[in-house]
Amino acid sequence: MFNWMADLLRVKDTFNKGVPAFTFEDWLKARLAANAPWDKLVMEMLTADGRLCDNGAAGFLLFDAEMPLDGVSNLLTTFLGTNMACAQCHDHPLAEWKQRDFYQLAAFFGATDQKDESMLAQIRRTVGKDDSLPKAVVKRIGDVNAYRLEDTAAQKLTFPKDYKYKDAKPGSPVSPVLITWDKADAGLPIYQVGAKTPAQLRDGFAAWLTSPQNPRFATNIANRLWKKNLGLAVLEPVNDVDDLTQAFSPELLAHLTTVMKSARFDLREFQRVIYNSRTYQAVANPTPDLAKGPYLFSGPIVRRFTAEQAWDSLVVASVGASVDNVLLRRGDDMKLMALPKGPITAVAVHRVYDTIKEAGLLKGGNGGKKTAGGSMAGLASGYDGEKPQTRNGLLLARASELPQPSPENHFLRVFGQGDRLLADSATSDGSVPQVLQMMNGAVGRTVSDAKATAVAAAAGLSSREAQVDSLYLSFLSRHPRPDESAKAVKAMAAGLTPADLAWVLANTREFLFLP
Amino acid sequence: MSRNLPSDQLRDPLARRSFIERCAKVSFGLSVLPFFNQLAAAADAAPGSAPNAGLPGFGKAKRVIFIQLAGGMSHIDTFDPKEGGSKGPGATISTKAGFQLTEYLPETAKVAGRIAVIRNMTAKVGVHASASYLMRTGFEQRGTVQHPMLGAWAQHFLGASSKTLPSTVCVGRPSNHGNGWFPAAYSPLPILSPNDGLQNIKGLADADTQSRRLDLLAQLNGSFAGAPADENVKAYNEFYESTFQLMKSKDLAAFDLAAESAATKARFGTSKFGQGCLLARRLVEHGVRFVEVSHGGWDMHATLDTRMKDVGAEFDRGYAALIQDLEAKGLLDSTLVVVATEFGRKPDFSGGGRGHHPLVFSTVLAGGGVKRGYVHGASDAKGYAPDGEGVSPGSLHATIAHAAGLPVQTDIITPAGRPMQVGNKAKPVTALFA
């Protein structure tokens, strides 16, 4: 669930200017482990206050701290499946959304400030010329402390100076107004937002957005989870569910929405219902040709492993289930950099510097950059519990316990892990570099090494038949059919080893696809 | 906004459905057949019917080499020398083409008669990451959409350029999601180090074991790969087949600089950039359509007086050798070589360097039907602003796209349902073409 949600919520080790954001991923891991309901999670993210280093939930909105309007656009897509990105700059060319609608909605975030510039100025004033503090460290301490969500005294969003429509004056202040999908929506009780002061705007918006009465909130997450599990959403694309009549089956979508509401947004419970459905348990169909008509879900569709599923499977086959004890938690490093509240003093900055120096976060002399995910080996100090093994240059931990996202040439990214710059950026398309990694790269080497757990387990068995059976269970989660067993045994009798068979099975299409 | 897709058509439920289905095809990978993606292209207008199809220079460039000078090349100290207060530390030199360069570019001066300098590039973004995104894609960076680079646009409209090699390669830099909204298979293949070439191309086991592994793989894979007629499984079957072919392909030589003589390698210079230019030449010779070569070190705030000599020389040798080689092999007329950078640098030279300056800067085109020995536009006397209207990054992209035979000012619909145009609606600068 973490990997899926990390793609949706754009979980990233650092925000655009290299600002660390580890507390956000730590927060999400903890909340998912506690099975926090979706409406509660979203509420916590949208109403978060305070510094990112103290409150990980603030990470979602702070991702777009430099571009708050893009942030609004993104959260609408993520939580409501409303596609207003076009309306940010002009009336939507293909839908009903007007630029005015977008601004009126964005005004709910117009009384929120993201970056504490006055604190940064204080740091510059107090220690800017202090040569005993490395500049990079001072910058990092500033970054960690500056990003925060704080309500301001007034709502300050105005229409753009070059606003070109007649429905508002360029440069004039925007009044917050909620959007409706249907004329009847406006009559719903949740449209009575009780925001009396600017500080209550965001809370009022979040209450409207996360309510079961919201016309799209439950539908959006139900539709997305259906796609996660069945391979195709009921309404595609998932980032545009404004028009419910476009669903393959509007009735199914309405039913899933009801299930989501009766599960009270408990995503585990919702998925339990899916897993127990005859639809999910049916034989998977080939990817349908949608040009020939809607897909009516006689079963799931054949779908490729996500990058994380493929990687995690190969890691478990290489080092075994003990990998579950390897946990990457780096938010504490950020907390060590928190300055005391109130006016900034040179003494306080020095104290933080001494603390992080003592904690070993400055090795390499670049202000704790080693924990930012630049080098895989440099991550070691971030692991709680067991440290991961390194083989053939690969750090063998689950995808969720590696840098978010992985570096661009890593197996995970080559297989389509998203860049996390945009929501829903993961892909499952194939490519030649993927096949090269699987056949000839470090991953192929690691999983077909005599040391690999699955290979060693098979090699310890006395008969070739048993070895083949064991490797089939490890890689394909099933027993070989008699003809498959016979072919594999024959090849092994002619000289191939369990390691060779591990390589072969990892390279079958069946390994990569969920039938 | 201007668009060819009438909104009435999209409000019509049936039309909307069919376009969503088209989008769906791309997003589910139905159209992802390795190297031979015709489906997506077929959904759009044929390039031949585009508004720019009849204009000078259309489709002359069969290949594009896109050199990206990272950090911001000072136009005044390279391709647009100034006298007076803006003058930098390097002397101005004359070329036979009639325009002037600085002494940092002696080799480029020798090929000046084959290149066209655009001296009135103009943009508004002065921050490295977003300016470099703009120059690489032709679009301003947004938080809601990832724009493709030109190689992916070309693959969308023209299909794959080679049966065994990728259509787009980037040398000396990661691919940075250069496929944008197009299928991942359009993503450029990154070659981080030109001398190391293509990674993971050698099998792990000895030849005999490898062949027995592959034999068993073919036997065991059959039951699953053949049974459900799933398009994505079939696509993977083809990717495996393509990989087998690539591993034994003669085209692999394209990635191997060892095949070049010591004298040739020396002519390009031993720098990573010089060798990258040589690799780019080999790749386009073997059928790669679009190669990006990147060269860092141009962000000279306080070090222009000391570092320009070295950084400039690396670029100068590699670039001039590339132009000479392409000409000698008869490929220059059909290969467009672009020199781009994220912005220029300020006219006031202080503290040993210059600050960022997007208002005016220079880019350089050569080959692919572009005029030879030509200067397009000018900056003012100080090198502060364009003299008259300038050329935007979008126009530059539209110009390259035009040369490559892509339809500009023609909508495609992204998987998210947004209409987009290569070059972001800008017109190509046809005055650049012979």
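Helices, taken as DSSP runs of H or I with at least four residues, and strands, taken as runs of E with at least two, are numbered from the N terminus. By that numbering, A:P237 sits in the loop between α10 (217-230) and α11 (250-262) of chain A, and in this predicted model the bond joining A:E236 to A:P237 is a cis peptide, with omega about -10 degrees. A further cis peptide bond runs from A:Q404 to A:P405, with omega near -15 degrees, and A:P405 belongs to the loop between β8 (394-396) and α17 (411-414) of chain A.

Most residues other than glycine have a negative phi, and most peptide bonds are trans. Against that background, A:F297 has a positive phi, near 55 degrees, and is placed in the loop between α13 (278-281) and β4 (303-304) of chain A; because it has 21 C-beta neighbours inside 10 Å, A:F297 counts as buried.

Chain B contains twelve helices and 14 strands, and 55% of its 434 residues count as buried. Of the contacts in chain B between residues at least 6 apart in sequence, 73% join residues at least 24 apart.

Where the chains meet, 63 residues of chain B and 58 residues of chain A take part in the contact. On the side of chain B that touches chain A, α8(B) supplies the largest share, eleven residues, and the residues of that side comprise 35 nonpolar, 18 polar and ten charged.

Note on methods:
Residues are numbered from 1 along each chain as its sequence is written. Chains are lettered from A and ligands numbered from 1 in the order in which they are written. This is a predicted model: local features need pLDDT of at least 70, side-chain atom pairs count only at pLDDT 80 or more; totals for chains, interfaces and linings use all residues. A residue is buried if 20 or more other C-beta atoms lie within 10 Å of its own, exposed if 12 or fewer, and partly exposed in between; C-beta atoms are placed from the backbone. Two residues are in contact if their C-beta atoms, placed from the backbone, lie within 7 Å. Ala, Val, Leu, Ile, Met, Phe, Trp, Tyr, Cys and Pro count as nonpolar, Asp, Glu, Lys and Arg as charged, and the others, Gly among them, as polar.
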